[in-house]
Amino acid sequence: MNIEPVWVWIQKIEHTLTGLFPHARIVRIDTDSKKKWFDREESLDHGDILLGTQMALTIRDARIALIGFLLLDTELTIPEYDIEERIYIQASYAIKNGVDVMIQTYMQQSPLLDDLLYWNYKSFLRRTLEERKKYGYPPFGELVYLWIRDIQKEQVQDILAKLVNKLEI
């Protein structure tokens, strides 16, 4: 028996949006739609709704009027020490540039949301630095992320084996 993960989250949202707005042209930007990602300027010209994963938040375009963070709670479960900081920066940047921000969450009582809603950067910074110091995250410690991706699983395993070998030497 083989069990394979199936990622359908953004595809389900796209399907739902298509049903809600049948005449709207939806541009999806995620790792499954790399062609659209590389041709994003052209894609934005031909779309009414931009639907994307976190990589889409790097797009700066005056035509974007609303950014939605869907199920913020799931983003906060990502085991990365700076996930709150990235969300705070992305949301506050959009707000400062006149873009409306919609946040969907089940955790309405959250220090991150309070800091965003009340523009309390000092509180956010103080809380973030205390947490990083407590757990030894940067700037109080060193941390290295390695992302190795390839279509072929064997290629990734080969790269990892070579990396482990070099680190052991």
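**View 1. E84 and R127 in a predicted model.** E84 has a relative accessible area of 24% and is partly exposed. The model shown is predicted. R127 pairs with E84 in a salt bridge, with the closest N and O atoms 2.8 Å apart. The bridge links distant parts of the chain: R127 sits in helix α7 (residues 121–135) and E84 in helix α5, 43 residues apart. R127 is partly exposed at 23% relative accessibility.

**View 2. The network of E80, D82 and R86.** Salt bridges with shared partners join E80, D82 and R86 into one network. Between D82 and R86, the closest N and O atoms are 3.5 Å apart. D82 is buried, at 17% relative accessible area. R86 is partly exposed, at 25%.

**View 3. R25 and D48 between loops.** A salt bridge joins R25 to D48, with 3.0 Å between the closest N and O atoms. R25 lies in the loop between α1 (9–20) and β1, and D48 in the loop between α3 (40–45) and β2 (49–52), so the bridge ties together parts 23 residues apart in sequence. R25 is partly exposed at 42% relative accessibility. D48 is partly exposed at 46%.

**View 4. R28 in strand β1.** R28 belongs to strand β1 (residues 26–29). R28 counts as buried because its relative accessibility is 12%, under the 20% cut-off. Its side chain makes a polar contact of 2.7 Å with that of E14.

**View 5. The nonpolar cores.** The largest core has 17 residues, and I67, F69 and I87 touch the most other members. β1, β3 (66–69), α5 (83–96) and α6 (111–117) each supply at least two of its residues. α5 gives the largest share, 5 residues. A second, separate core of 5 residues includes I10, L17, I26 and L51.

Note on methods: Residues numbered from 1 in each chain as written. Predicted model: local features only at pLDDT ≥ 70, side-chain atom pairs only at ≥ 80, totals over all residues. Heavy atoms only, no water. Helix = DSSP H or I, 4+ residues; strand = E, 2+ residues; numbered from the N terminus. Buried < 20%, exposed > 50% of the residue type's maximum accessible area, 1.4 Å probe, protein only. Polar contact = N/O pair within 3.5 Å; in protein donor to acceptor, adjacent residues only side chain to side chain. Core = buried A, V, L, I, M, F, W, Y, C linked by side-chain atoms within 4.5 Å. Salt bridge = Lys/Arg side-chain N within 4 Å of Asp/Glu carboxyl O.
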